[in-house]
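Here is a short briefing on selected residues.

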Amino acid sequence: MNELGKRLRARRAALGLKQDELAARLFVTRQTISNYERGLSEPDLDMLRRLAEALETEPAVLLGSETAARKGSGKKELLSFLLGLVLTAGVAVLFIVLEKQAFAWKGTHYDIVPYERVVLLLMPLIFLLLGWTLAQGADCLTPLPTLPRGLRIGIRFAVISAIVLYLMALAPMLLRLPLEERFRLDVELAFSRAAHLGTGWGRHLALLFGAALRLSRKNNDLTRGQDMV
């Protein structure tokens, strides 16, 4: 097996494709793909381009020209990491300021809703950003693994669905919907408990969500100079 064949097989395996599935994308036989990977034959320039497109990469990567591909990639990842730190710190400072104001409001007006809004919205956002940033920082040190496209899509769908459901659950409080007085204390107590949970396991879940989102975007297409979504 030559180097091109090894890279073809490795890239195909990273995407979770079988030889016959890749062959179907290229309208060739499975034996043709097998011959390429075993080094028994080599693709021409047009076939190399089609192989790279089907494998969601670039011809230079399949040919092993990764030195030029990596140029500028490390700088971009470092800038993304620093931007994540700035955003995380900014939201954390905003949380500290608003949390103090909302807590004072709760003590003087006996209204718990503004305080719960701050905690239940900004606390998860802080840890979501932190998870993304930590994963980005890890990627600066050593490349994160490439996930199959289907798994990447599944992760993003799961995380976005969880966020939407979370916001839907908070809708009565966020919109300050009118409630009968006999239900108001029960609702406020429920959100108070949710806020307490949000400072416990909820933040760890948000941290994992952020890291999962970053990992789902990772791809080894270095010559593109950007993560593939």
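Predicted model: local features only at pLDDT ≥ 70, side-chain atom pairs only at ≥ 80, totals over all residues.

Residues are numbered from 1 along each chain as its sequence is written, and side-chain values use heavy atoms, with hydrogens and water left out.

**Positive phi in loops**
- Most residues other than glycine have a negative phi.
- Phe-27 is not a glycine, yet its phi is positive, near 60°.
- Phe-27 sits in the loop that links helix H2 (19-26) to helix H3 (30-38); helices are DSSP runs of H or I with at least four residues, numbered from the N terminus.
- Phe-27 is exposed because its relative accessibility is 75% (exposed is over 50% relative accessible area, buried under 20%, partly exposed in between, with a 1.4 Å probe and protein chains only).
- Glu-56 also has a positive phi, about 55°, and is not a glycine.
- The loop between helix H4 (45-54) and helix H5 (59-63) holds Glu-56.
- Glu-56 has a relative accessible area of 13%, so this residue counts as buried.

**Leu-129 in its helix**
- Helix H8 (residues 113-141) contains Leu-129.
- Leu-129 is partly exposed because its relative accessible area is 23%.
- Leaving out residues up to four places away in sequence, Leu-129 touches Leu-87, Thr-88 and Val-91; contact means heavy atoms within 4.5 Å.
- Gly-84 is 45 residues from Leu-129 along the chain, and their C-alpha atoms are 6.7 Å apart.

Note on methods
Helix = DSSP H or I, 4+ residues; strand = E, 2+ residues; numbered from the N terminus.
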